Amino acid sequence: MTNTRPTRRRAIRILAGAACAATAGPAARPARADFAWHGIAMGADATILFSEVGDSEARSTCRLVESEIDRLEGALSLFRSDSELSVLNRASVLHAPSGDLRRAIGLALQVAAATRGLFDPTVQPLWEAHVDWFARHPDGGLPPEEVIAQARSAVDWRRVRQDDGTIRLGDGQRLTLNGLGQGYVTDRIAQLLMARGFENVLVDLGEQRALGPQRDGSPWLVSRSPSAPLTLGGGALATSEGIGCVLGAHGAAHHLFDPRTGRSAPHWRRVTVHHPSAAIADALSTAFFIAASREELVVASQAFPDASIWVLDAASQEHHWPCATGGAGPPARI
């Protein structure tokens, strides 16, 4: 195992060869939207649907949205080598970080504590170990245990420190906010739009958040496929599933790693979470996907009474924990 860290170009090339699908989740359906913005956010396709708005107002607002997305990516994105997060990963320390990076990392650590480490932002070395392994062994099986053990030695959210205006990582640690960053940016864009008086908008930056229903009061239709619709009138939805990004020539692994084993979590096919915050929904869909049993998932969910959870298990059986409804319409099928 080398210590070489994959560049963005190299990772994209490897993943394209490994049939890595986009992890952004479903695009919103523009039913009765008066204006639709399309762009890129945190490396994924992004859409914002406006209801009850004129073109001129929507276009000027979207220019502000694009500027804000660019600013947030400068703090949080691993797709940019000059982002604060990338600089932190290279140096293991960052002085005077931006408020957004501090808040995002602070939220990630809070969710890690509440889920007893099921969500762990320090799993980046596991990703790098798998990418490196499959780059050298494109037709091989899973990385051997010694490769995983070396990567796991750097995985522990409790070794990350934020104090005195400085963020410090433990030895060999690197952070990823890929399990929370899209949701965080979604929330920030939602706040920008609400501050400008918008109410009937659906923000889809990889995770979906509805500021309110469509202009006629009906919820937005969000769907992973025509046969599995979800409606959303308020709050946020996030989905995690292993097939979102597979690694290796034959899909030997996927991107949702269990911090305890270093391996791809095998227990669920799909987890969808509704929560008032897109960042929390994003992080919880990852955490709950890692849970090794229904009992562990239920225990972890008890710290989040505002969450509703839909789970599809390995046997294609559906489970739902209606901790809250919060504007998420019942799915026809998950």
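**Salt bridges and cores**

Mentor: Let us start with aspartate 100, which counts as buried at 4% relative accessibility, where buried means under 20% relative accessible area, exposed means over 50% and partly exposed lies in between (1.4 Å probe, protein chains only). Please keep in mind that this is a predicted model, in which local features need pLDDT of at least 70 and side-chain atom pairs count only at pLDDT 80 or more, while totals for chains, interfaces and linings use all residues. Residues are numbered from 1 along each chain as its sequence is written, and side-chain values use heavy atoms, with hydrogens and water left out.

Trainee: Which side chain meets aspartate 100 in a salt bridge at 2.9 Å?
Mentor: That is arginine 71, with the 2.9 Å taken from N to O; a salt bridge here is a side-chain nitrogen of Lys or Arg within 4 Å of a carboxyl oxygen of Asp or Glu. Aspartate 100 lies in helix 4 (residues 99–114) and arginine 71 in helix 2 (residues 55–76), so the pair ties together parts that are 29 residues apart in sequence. Helices are DSSP runs of H or I with at least four residues, strands are E runs of at least two, and both are numbered from the N terminus.

Trainee: What does arginine 188 pair with?
Mentor: Arginine 188 forms a salt bridge with aspartate 100 (3.1 Å, N to O), and this links helix 7 (residues 181–195) to helix 4 across 88 residues. Glu68, Arg71, Asp100, Arg103 and Arg188 are linked in a network of salt bridges.

Trainee: How many salt bridges does the structure hold?
Mentor: The structure holds 14, including one between arginine 263 and glutamate 145 at 3.3 Å, N to O.

Trainee: Switching topic, which residues have the most contacts inside the largest nonpolar core?
Mentor: They are Ile48, Leu193 and Leu205, in a core of 69 residues; such a core is a set of buried Ala, Val, Leu, Ile, Met, Phe, Trp, Tyr and Cys residues joined through side-chain atoms within 4.5 Å. Its largest share, nine residues, comes from helix 8 (residues 278–290).

Trainee: What is leucine 193 in contact with?
Mentor: Leaving aside neighbours within four places in sequence, leucine 193 is in contact (heavy atoms within 4.5 Å) with residues including Ile48, Phe50 and Val65. A second, separate core of 15 residues includes Val147, Ile148, Ala151 and Phe257.
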